[in-house]
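Thanks for asking me to look through this one with you.

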Amino acid sequence: MRTPRTTIRRKLILAIMLTSTTALALAGTALTIHEVTSLRALLARELATRAAILAANSTAALAFQNPEDASQVLAGLRTDPSIVAAALYDARGGVFATYPMGASAPLVPAAAGAMGNRLERASLLVSRPVMEGNRRLGSLFLRSDLRALDERVRAQVMAILVAVLGSMGVALALSAWLQGGIAQPVRILAETAKAVLDRKDYSVRARAVSDDELGVLAEGFNDMLAEIQRRDAELEQRVADRTAALEASNKELEAFSYSVSHDLRAPLRAIDGFSKALLEDCGDKLDQVGTKHLDRVRTATRQMGQLIDDLLNLARISRAELRRERFDLGAVGKEIAAELKRAQPEREGVQFVIAEGMTVVADTQLLRVVLDNLLRNAWKFTAKHPTARIELGQHRDNGHRVFFVTDDGAGFDMAHANLLFAPFQRLHRQSDFEGTGVGLATVQRIIHRHGGQLWADGAVERGASFSFTLSEVKS
Ligand SMILES: Nc1ncnc2c1ncn2[C@@H]1O[C@H](COP(=O)(O)OP(=O)(O)O)[C@@H](O)[C@H]1O
Ligand SMILES: [Mg+2]
């Protein structure tokens, strides 16, 4: 199981933080914009009121052309530090009085301009007419400094910033605490799954730590584990039952074939013994045909005896315990070759080629049976050729050692090669080559018991080659 690159804990904290910070920042910005616009509007209203009062107070000074009075009226603005300059203009638009005294452009315009409110960089400018009834006496100009307002806005933005940072801290602490309720159960679940996989132990259970969907998930997970455990146990039991049944029936079958073969021997011995006695004791009373019949009885008896021996051998091999030891396969091959030559010294044309240094770690007795069968077959199926070459050797194939017994005898048709290793299957007629068809089945069983493979190659009248491997036990 792979380890996660990030944690749910980290993701949750990040999500909570992002949400809360974004919300705070948006709210703060909206608040600031609203504050700035409403403050400006308020200031504009205040200034308009002040201008209206000032204009009303200045009518007498303008009407009587008294600049000192006008300056006096304007000097009253001292009480408001946000108003930095003011000017009164006469009906022709010329400067009549200024505040502070003697102020000139650019602080105050040199001549009366358009009426109304105007923003100019950090100042709010107000111009309005001074009327007496319907008569226009002149105009009033006020310059209010907006820096105080900016100051207020800056202080406000700072306050909002501090609030955002503070709430981020609070959100961080809160989210760390909140995520525990989600990340903790998930972490426990993930750890349990990993433990199950790593140890292949399905008895592990996830601790239920929450009563929400995660709790349900943990419960479901536990139920699944319990189900797997139950099925495992059931399967194991079933396999054990089947194995026991199979073993029992195997034993029964082996015992049956063993006793059948064994019991067949006794009557066979009687047939053989009595036909021999008949030949010896009453041979003179039998004519040529009788003697020939009796010969065939004896041959058949001998064949059946061989068959019984082979079957008993096959049964024995399945049961015998493997006793591996180190020995030279070639040495065993040479002994068998010598035996064959001794039994039929007249077959001088047969040449055995047996490789040196074929050390293996295997059951000596069983491997002797293998070589005996293969070499004996090679010997038998080359009998109709005046000369023959039989080779026992080894070569490497894909790093595996392959042993082989090759001859240049009668061979066989590869189309039927798959039949060779089944008991009683023969590719040659009894009249051509005698046999029971049990040998290669026995060989295959021994090779399989050694964890190896056995296969055959051949062509009619071009010889045959039998190859086998043994599971490599370090020799
Ligand atoms: N060296 C060989 N050359 C040709 N055919 C062979 C050879 N070895 C085995 N066979 C074929 O495989 C059959 C089965 O062999 P085996 O089980 O040893 O039985 P058997 O030797 O009693 O006939 C043989 O009858 C024969 O047809
Ligand atoms: Mg044979």
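1. Helix 3 and helix 4 make a left-handed crossing. In this predicted model, helix 3 covers residues 147-199 and helix 4 covers residues 213-282. Their axes come within 10 Å and cross at roughly 15°. An angle under 35 degrees counts as roughly parallel, and helix 3 and helix 4 are therefore described as roughly parallel to each other. On the helix 3 side, the contact is made by G181, I182, P185, V186, L189, T192, A193 and V196. Helix 4 contributes L214, L217, A218, F221 and L225. Sorted by class, the contact of helix 3 with helix 4 has 11 nonpolar residues, two polar ones and no charged ones.

2. Now turn to another pair, helix 1 and helix 2. Helix 2 spans residues 67-75, and it packs against helix 1 at an angle of about 165°, with the axes 8 Å apart. Angles over 145 degrees count as roughly antiparallel, so that is the description for helix 1 and helix 2. Helix 1 passes helix 2 in a right-handed crossing. L54, N57, S58 and A61 of helix 1 meet D69, A70, V73 and L74 of helix 2. This contact of helix 1 with helix 2 divides into five nonpolar residues, two polar and one charged.

3. Stay in this region for a moment and look at the link between the two helices. Which residue in it has a positive phi although it is not a glycine? It is Q65, with a phi of about 50°, and Q65 lies in the loop between helix 1 and helix 2. Q65 counts as exposed because its relative accessibility is 52%. Back in helix 1, which runs over residues 8-63, you will find A52. A52 has a relative accessibility of 32%, so it counts as partly exposed. From A52 to D80 there are 28 residues in sequence and 16 Å in space, C-alpha to C-alpha.

4. Next, helix 5 and helix 8. Their axes come within 10 Å, and the crossing angle is roughly 5°. Helix 5 and helix 8 are therefore roughly parallel to each other. Helix 5 brings L314, I317, S318 and R319 to the contact, while helix 8 brings A441, T442, R445, I446 and R449. By class, the contact of helix 5 with helix 8 has four nonpolar, two polar and three charged residues.

5. Helix 8 deserves a point of its own. Which of its residues are buried? Within residues 439-449, they are G439, L440, A441, T442, V443, I446 and I447. The cover over these buried residues includes helix 5 (288-319), helix 7, strand 11 (454-459) and strand 12 (463-468). After helix 8 comes G451, which has a positive phi, near 75°.

6. Between the two strands just mentioned there is another backbone detail. E461 lies in the loop between strand 11 and strand 12. Its phi is near 60°, a positive value in a residue other than glycine. With a relative accessible area of 47%, E461 is partly exposed.

7. What about the nonpolar interior? In soluble globular proteins, nonpolar side chains tend to be buried together. Here the largest nonpolar core has 41 residues, and L329, F352, F466 and F468 are those with the most contacts inside it. Helix 7 (residues 364-381) gives the largest share of this core, nine residues.

8. P100 lies in the loop between strand 2 (95-99) and strand 3 (116-120).

Terms used. Residues numbered from 1 in each chain as written. Chains lettered and ligands numbered in written order. Predicted model: local features only at pLDDT ≥ 70, side-chain atom pairs only at ≥ 80, totals over all residues. Heavy atoms only, no water. Axes fitted to C-alpha atoms, helices over the stretch in contact; angles between N-to-C directions. Helix = DSSP H or I, 4+ residues; strand = E, 2+ residues; numbered from the N terminus. Parallel < 35°, antiparallel > 145°, perpendicular 65-115°, else oblique. Left-handed = near helix turned anticlockwise from the far one by under 90°. Contact = heavy atoms within 4.5 Å. Nonpolar A, V, L, I, M, F, W, Y, C, P; charged D, E, K, R; others polar. Core = buried A, V, L, I, M, F, W, Y, C linked by side-chain atoms within 4.5 Å. Buried < 20%, exposed > 50% of the residue type's maximum accessible area, 1.4 Å probe, protein only.
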